[in-house]
Amino acid sequence: MSPSVPGPRRAPARGRRAFAATWWGQAWVTALEDSTLDSGRLSRGRTYARQGMVGPVTVAPGQVKAAVQGSRPRPYRSAVHLPVLADAQWDTLLDTVAARAGHLAALLDGEMPAELVDDARHAGVPLLPQPTELDPECSCPDWGHPCKHAAALCYAIAATIDADPFLLFALRGRGRDEVLAELRARRTAGRPGDASPAPPTPAGIHAAGAYAAWAALAENAPGLPNLPEPSALAAALPVPAPAGSGLTSTDLERLMTDASARATRLLSGDTTSLHLTQHQDAVRIAASGPGPEWFHHLIQNTGANPIAFARLTRAWRHGGSTGISVADQPHSPDPAAMTAARTALTTALAEMTDGPSRLRAWRNRLTLTDHGIQLRLGPDARWYPYLQENDGEWWPAAPATTDPVAALTAIWQRTGT
């Protein structure tokens, strides 16, 4: 489950220090204020935060969200997204923390060492957010970037980041417990004087690197032989599940089947799965329908929010890895594409309805607010249909298509309109 943190603290004074007292908290506020030239919306956001208009805040990998009370009776759903770190970046960051004993001691004492942030940045790992990385989202009709509600959320969370710098790690993809477990593992592996040291684990190589090396050799190699079916490869599993792993032989067979299927796709040129994060790969496995027990374990072991994980699983089924990025990361597409789609949809809606339908545009999203329908333009130039469910959240509803009218038609009947 995603950790919940309390709402904003009331601030008696004006200015940036009213929301952040530490240098790393101020860096968060600076990233927000440097991300826009709209000082008016930032000012209203500060007012909302001071007045306690931001509800309980939920922090999850890559996002912070909360209900923010505006001028209407019903609060708006606001969120701010931040890119998570790749596994290789996490390895670099954790090695940087482990390199100096004082880093971990400071973090546990509620301090963010400036040297740690500098060392990580020099190694190409951004721990503190950059202005271009903060990506706000809100259910309000304001097209501002950010709107005053998302700005209020950013200001409100600054005091919590002051008190717990591990929140910055959580926003980048891994929570406090996972980070500490990784650091303990590094310390144990390097502890001198152990009477019976464990045999060294092969370092291995990232899948993308292994494939790149094979692809270079394969350019001059003869054609591939006929490959057996993945199930045939997994059926010859030679070893039982390791004791204490929590896996059964059936689990191992399923993992072997999955690995051999991925290898087959790689050999045929499909490299989609090479660049997935651990969380995305868990979603991919869940989308293959492994059963409720596996689904539960995938959620538990990744620390994911169950509802958010289920939503991403559906997004994968409709659009693969691109479907996940469309579900998680709004972006600003070519304005001409959005204008053309809006014109086509307005014409189609005039034929499908008796009266005018309100069509709201924000970033890559076109929303029919009166019908609970949303179309999202993906980076692959396809339109992904979404429906607003009873929980108020937007859920992927059908496979993507290059035609926005076809995407609308695919789910129109499901709304009962």
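Helix α13 (residues 292–302) and helix α14 (residues 306–328) have axes that come within 10 Å and cross at roughly 120°. The model is predicted; local features need pLDDT of at least 70, side-chain atom pairs count only at pLDDT 80 or more, and totals for chains, interfaces and linings use all residues. Residues are numbered from 1 along each chain as its sequence is written, and side-chain values use heavy atoms, with hydrogens and water left out. Helices (H or I, at least four residues) and strands (E, at least two) are DSSP runs numbered from the N terminus.

- Two packed helices are described by the angle between their axes and the distance between the axes.
- Axes here are lines fitted to C-alpha atoms, for helices over the stretch in contact, with angles from 0 to 180 degrees between N-to-C directions.
- α13 and α14 are therefore oblique to each other; angles under 35 degrees count as roughly parallel, over 145 as roughly antiparallel, 65 to 115 as roughly perpendicular and the rest as oblique.
- The crossing of α13 and α14 is right-handed, meaning that the near helix is turned clockwise from the far one by less than a right angle.
- On the α13 side, F295, L298, I299 and T302 make the contact, and they meet P306, F309, A310 and T313 of α14; contact means heavy atoms within 4.5 Å.
- The residues of this contact of α13 with α14 comprise six nonpolar, two polar and no charged. Ala, Val, Leu, Ile, Met, Phe, Trp, Tyr, Cys and Pro count as nonpolar, Asp, Glu, Lys and Arg as charged, and the others, Gly among them, as polar.

**A287 in α12**

- A287 belongs to helix α12 (residues 278–287).
- A287 is buried at 15% relative accessibility; buried means under 20% relative accessible area, exposed over 50%, and partly exposed in between (1.4 Å probe, protein chains only).
- Not counting residues up to four places away in sequence, A287 touches T313, W316 and R317.
- The C-alpha atoms of A287 and R314 are separated by 6.9 Å, while the two residues are 27 apart along the chain.

**R172 in the α7–α8 loop**

- R172 sits in the loop between α7 (166–171) and α8 (176–189).
- With 0% relative accessibility, R172 counts as buried.
- Its side chain reaches the backbone oxygen of P83 at 2.9 Å and the backbone oxygen of L128 at 3.2 Å.
- Residues in contact with R172, beyond its neighbours within four places in sequence, include L82, V84, L85, W90, P126 and E133.

- T367 is placed in strand β7 (residues 365–368) and is buried, with a relative accessible area of 5%.
- The side chains of T367 and Q374 are joined by a polar contact of 3.0 Å. A polar contact is a pair of N or O atoms within 3.5 Å; within protein, one must be able to donate a hydrogen and the other to accept it, and residues adjacent in sequence count only if both atoms are side-chain atoms.
- Apart from neighbours within four places in sequence, T367 is in contact with R358, L359, R360, I373, Q374 and W394.
- R363, in the loop between β6 (359–362) and β7, has a positive phi near 50° and is not a glycine.
- A381, in the loop between β8 (373–377) and β9 (383–388), is likewise not a glycine and has a positive phi of about 65°.

**Whole protein**

- The protein has 16 helices and ten strands.
- Of its 417 residues, 42% count as buried.
- Among contacts between residues at least 6 apart in sequence, 63% join residues at least 24 apart.
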